[in-house]
Amino acid sequence: MAASKDSANTLFEDEQAAHWPANENSLNYIAESKARSVRSAELALKRSLDISVSATVLLILAPVLILILVLIRLESPGSPIFSQLRWGKDGKKIRIYKFRSMRSDVGDPTGVKQTVKNDPRVTRIGAFLRRTNLDEIPQLYNVLRGDMSLVGPRCHAVGMLANGVLYEELVPEYHRRHVMRPGLTGLAQMRGLRGPTDRPSKARARINADLYYVENFSFAFDLMILLGTLRSELTRGQGF
């Protein structure tokens, strides 16, 4: 009888326990699991958009891209495609591709020396490409292969300087921006934070925008940045 009573008590306690409120750790775990699931789904949507848009644009613009390659090569000797080592996701180094906008003999393959307004190294075709951001189109290949995304932190050259100081030294949290793939555009570009970083405050503002994006990423946020970038470029494009 004692054993039966113990069993009945245990069963009663188990049924009670099933209705007890979860402790704080359990609730946090559930919330974090849900957040991870939502983030994974949004990252999958983001990657699907990257693949569909980059593949479609590259196919549609193929004749234009070929024409640009020919014009670059006719104006100055050297490969019409420029490649450079830059920071990628998780701090890995990736090689990105752009249309060459400078003379091959004076260009900076490291990207440490930033371009300035009326830079004498820039060719005539290159000036047009930079002003219209057409020089960035080959990076859609990087997006297609997964090195980059349409939206993300700006893809910086390894060893890039801001006002003569390494970004890592200027902003201690700099590499937190590499949690996500670098983007063709991002929150900083949408806000007009472009051009040479001749002031530490301007460089910090860019990185702060990148960090804010990383912390607050969502697929809807990406769409907002894409639309904002289009509006910004159509009304006050400032590439050079």
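Reader: How many salt bridges does the structure hold?
Author: This is a predicted model. A salt bridge needs a Lys or Arg side-chain nitrogen within 4 Å of an Asp or Glu carboxyl oxygen. The number of salt bridges in the structure is nine.

Reader: Which residue meets K46 in a salt bridge?
Author: K46 sits in helix α2, residues 24–60. The N to O distance is 2.5 Å. The partner is D222.

Reader: Is D222 buried or exposed?
Author: Buried means under 20% relative accessible area. D222 has 3% relative accessibility, so D222 counts as buried.

Reader: What is the relative accessible area of K46?
Author: K46 is also on the list of buried residues. The cut-off for that class is under 20%. The value for K46 is 6%.

Reader: Is D90 buried or exposed?
Author: D90 forms a salt bridge with K89, with the closest N and O atoms 3.2 Å apart. K89 is partly exposed at 33%. Exposed means over 50% relative accessible area. D90 has 51%, so D90 is exposed.

Reader: Where is D135, which pairs with K98?
Author: The side chains of K98 and D135 meet in a salt bridge, 3.5 Å from N to O. K98 lies in strand β2, residues 93–99. D135 is 37 residues away, in the loop between α4 (124–132) and α5 (139–145).

Terms used:
Residues are numbered from 1 along each chain as its sequence is written. This is a predicted model: local features need pLDDT of at least 70, side-chain atom pairs count only at pLDDT 80 or more; totals for chains, interfaces and linings use all residues. Side-chain values use heavy atoms; hydrogens and water are left out. Helices (H or I, at least four residues) and strands (E, at least two) are DSSP runs, numbered from the N terminus. Buried means under 20% relative accessible area, exposed over 50%, partly exposed in between (1.4 Å probe, protein chains only).
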